[in-house]
Amino acid sequence: MFLTGLAALAVVPTLPTAARDLDGVALFPLVAGCFVAASLLGGVLGGHWADRSGAHRPLAAGMVLAVATLLVSAASTSIWQLAAGRFLDGLAGGMVAVSINAAIGQAYPDRLRARALALMSACWIVPSLVGPPLAGLVAGWWSWRAVFFGLAVLTLVPALVVVALLRGRSWPPAPAPSADRPRSPALMVATAVSAGAALGQYGVSGWDMRHLLFVAGGLVLLVVFAPRLLPPGTWRAGRGLPATVLLRGLGSGVFFTLDAFVPLLLVTDRGAPPALIGLAFTGAAVAWAAASWAQSRLLEDRPRHHLVVAGALVLAAAVVIAVAGTLSAMPAFVAASAMVVAAIGMGMLAPSLTVLSLSHSPADRQGYASGAMQTAQNLGQITVLGLSSALLNACLGAGSTDSVGYAAAFGLLLAPCLLSTLLAARTRIT
């Protein structure tokens, strides 16, 4: 998790600069969305692989792939190659994240899971303090490519060591499947959902007939195949695991959209230096870890669905700050601070939902539950980001200023925040 956090936090702040240098600002939602689209596939494969053979195997495969993706992105000569690198990175990230959550479910008793998840969040503290500011300085003084190449070199040897350790241990067999456990979804299903997400992200970058056809094709794939990857009753917020999965998607959609558009606003509209964006990511990571620690230690006796409500309300406050940050009279750090406030909300909401999902699942379906949570998270990110991107492009196409377009895109995020607060009670453990 430390290696994953270092790579993720150092790379993301450089993406707006990379998109600008590769003449691909209009396709920035695609670059951001490719990672999430591939995480859908990686999360599904990792979760069911963990249920079938144990969590260590998809974890090792994800680590190896993560190094390769950094090299692909570093050598990008076009926005499309950068998008391909981010797609592979999302595949690796989805496998690693689900494998770690499944390992916690398989190895830890219920009373220790919240603390184990908080420890995973704590692994992001040092990368958050070092990665984004250093990456911003390297991108500003040298090149964003150096960030990717440098991370590949730093990650290679530790990743190989981790893989060797995983292969050298004797692992207990995975839990025996129960009779009612759903079959692993076919590779075609996960691939179709991932492809539909990517098509939709590309389609919202324009309003001509070609882009609209891509949007339509992406929607068809998502509507047909996505329900097969989620627990029955997810779309109607059924009590228990379905509602928990749905709320993970809504919260992640809000947070990810802020993390994607606030840096883009700072680079394209405010001309902010990459170092400021790096500091914003640093503050967000520290805030997430601190909030996660607080919910596992100081608030561990509170009902988990109450913490979900609190996290959603903090996310709503972050949205309001982001809208205010679009005003020209506001300094750039106001918009940047929205990322930090949003991270506090997610630090409370995400671990609480993960604990709830494991509590709602028997031992032999915790890999499935982790995969469903990852799938919902990525679908929520893609959907909310796509809607916000479409609204932003519509405003700009109608002649609005950049500030008005960003304010409209941010304002849209209040809807999933409000919906999360209303549905949180359906996730409670009975």
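Which residues of α7 are buried? They are Pro127, Ser128, Gly131, Pro132, Pro133, Ala135, Gly136 and Ala139. Buried means under 20% relative accessible area (1.4 Å probe, protein chains only), exposed means over 50%, and partly exposed lies in between.

## The model

This is a predicted model: local features need pLDDT of at least 70, side-chain atom pairs count only at pLDDT 80 or more, and totals for chains, interfaces and linings use all residues. Residues are numbered from 1 along each chain as its sequence is written, and side-chain values use heavy atoms, with hydrogens and water left out.

## Overall fold

The protein chain has 17 helices and zero strands. Helices (H or I, at least four residues) and strands (E, at least two) are DSSP runs, numbered from the N terminus.

The C-alpha trace spans about 60 × 45 × 45 Å along its principal axes. For 430 residues, a compact globule would have a radius of gyration near 22 Å. The protein chain has 20 Å, which agrees. That radius is taken over C-alpha atoms, and the globule rule is 2.2 Å times the number of residues to the power 0.38. Of the 430 residues, 56% are buried.

Contact means heavy atoms within 4.5 Å. Take the contacts between residues at least 6 apart in sequence: 84% of them join residues at least 24 apart.

Helix α7 covers residues 125-141, which makes 17 residues. From first C-alpha to last it reaches 25 Å, close to the 24 Å expected at 1.5 Å a residue. The expected span is 1.5 Å times one less than the number of residues.

Helix α11 covers residues 241-268. Its 28 residues should span 40 Å, and its end C-alpha atoms are 40 Å apart, which agrees. In α11, 27 of the 28 residues are buried, so this helix is largely enclosed by the rest of the structure.

Ala237 is found in the loop between α10 (209-225) and α11. Its phi is positive, about 55°, although Ala237 is not a glycine. Most residues other than glycine have a negative phi. Ala237 is buried, with a relative accessible area of 4%.

Leu349 lies in helix α14 (residues 332-359). With 1% relative accessibility, Leu349 counts as buried.

What does Leu349 touch, not counting residues up to four places away in sequence? The list is Leu247, Val308, Gly311, Ala312 and Leu315. Arg248 is 101 residues from Leu349 along the chain, yet their C-alpha atoms are separated by 8.1 Å.
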